[in-house]
Amino acid sequence: MALRATNPNTPDLHAADADTDVLIVGAGPTGLALALDLARRGVAAHLVERGTALFPGSRGKGLQPRTLEVLDDLGVLAEIRAAAGHYPPNLFWKNGEPQRTSRMYDETSEPSEAEPYPGTLMLPQWRTQRVLYGRLRELGGTVDFGRELVALGQDADAATAEFADGPPVRARYLVAADGGRSTVRRLLGITMTGQTVDPAPMLVADVTVTGLDRDHWHVFPPADGTTGPGLGAGLLALCPLPGGGQFQLIAQFPEGTQLDLSLDGIRRLVADRSHLSAEDVSDLRWASEFRPRAALADRFRAGRVFLAGDAAHVHSPAGAQGLNTSIQDAYNLGWKLGAVLAGRAADSLLDTYEQERRPNAARMLGLSTKVHRGEVRRGRATQQLDLGYRESSLAVETRTDLAPHALRAGDRAPDGRRGGIRLFDAFRGPHWTLLTVGAQAELPVAAFAGAEVRMVDVPAYEAYGTGVFLVRPDGYVGWAGATAQGLTGYAARVGALGR
């Protein structure tokens, strides 16, 4: 089926030939998070996955503080925290003897009112996916496994996906969450612009290892004794994964090496590069080869089709940014699709997905590359708490003479407890939140009748200052003012008012 890209100004909400509102291609963290978010909004979404089961590996194992806040909102944080662990210190080895330890992440920060989850947690990607899938099923959603996309088309009303087996699916919108080798992106003809971060191939695998403690991330530097952040070809690292006896193995090789991903090959690798024997390695769960690259899709939208997650950006795994950025792609897009499909906002609202997420993805790629090369340490910059949308057309700041570090429209809305109210509890859910902080402002209550807006009034709080704040469903300040003047017009434009 030939692709005909269109960019309609308004959706046809009564397109009788559409099978579903949203078709999501790919049931990784991005697709599962988006399907879950749409399900709680009552949006009909069809999630398809080429594989016969969820991804089995540990690949994206780092969960950053901002992502933990997203998972809190999605209702899965308690289960995630119960299964996850903290990053152990690195233990460097030489000639079978432990040498020194160092920490990969700075875990000295303590929870605060504004930032309740300051540390980076470790959880194998497959476990994160299972938690998201379980919550999706609780909300009535499913994954249609074994559906390989082979063709894609779209017209003014919907996008149509064809599969190797089974009937086609016609959806008002389609989201590509099918990974770095995205079939959807290829069919759309969208190119990726970027660079090779490191030409040396890397192997990552999940294996059971005996002879090592589970209190350290065990690092076996190359034979030349290199111990810096960019360890290069010859590196072997074994990281204990929470919730079982397995380790994630990472190894780097000289450019041009043909990698052996079999259990026997991995056993030989471990025996060659460490004091362990081949018999100490067993139970290969998953193995993969990759070459670190940083690349960004030239656009995130083509008509009724959107790119999200690794389909839109690929990167070095250093700094644990990819899965986190991908989940936040989904979190940004979900509420916008919900507003447009419900008829509360024009289709043009969906253009702000690329406007907001593409610059953030570009910054993430640059940060991951610098971490990979040892130019930046993991810490505040990798936690993603400071990422925001101040430059977005959806960020409207009407106050003047603000202090340099004051909260502004486009910033992440902090947590806190004031007046007997926890703000994250007030924000949790698919609604907007009209928050008055220490201000006696006359609010347009009648205008919000029937809207998905929760009204909250708290005393003055230093994380906000004072004023009126309309907090978006994804936890960012959309509109901010000393009074509510101009608020109604903004709320109508972004879909915060009722129909």
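Guide: Helices are DSSP runs of H or I with at least four residues, strands are E runs of at least two, and both are numbered from the N terminus. Axes are lines fitted to C-alpha atoms, for helices over the stretch in contact, and angles run from 0 to 180 degrees between N-to-C directions. Here, the axes of helix α2 (residues 65-73) and helix α7 (residues 322-341) come within 10 Å and cross at roughly 40 degrees. That angle makes α2 oblique to α7, since angles under 35 degrees count as roughly parallel, over 145 as roughly antiparallel, 65 to 115 as roughly perpendicular and the rest as oblique.

The model is predicted: local features require pLDDT of at least 70 and side-chain atom pairs pLDDT 80 or more, while totals for chains, interfaces and linings use all residues. Residues are numbered from 1 along each chain as its sequence is written, and side-chain values use heavy atoms, leaving out hydrogens and water.

Visitor: Which residues of α2 and α7 make the contact?

Guide: Contact means heavy atoms within 4.5 Å. Arg66, Thr67, Val70 and Asp73 of α2 meet Asn324, Ile327, Gln328 and Tyr331 of α7.

Visitor: Is threonine 67 buried or exposed?

Guide: Buried means under 20% relative accessible area, exposed over 50%, and partly exposed in between (1.4 Å probe, protein chains only). Threonine 67 has 0% relative accessibility and therefore counts as buried.

Visitor: Which residues is threonine 67 in contact with, leaving aside its neighbours within four places in sequence?

Guide: Those residues are Asn324, Ile327 and Gln328.
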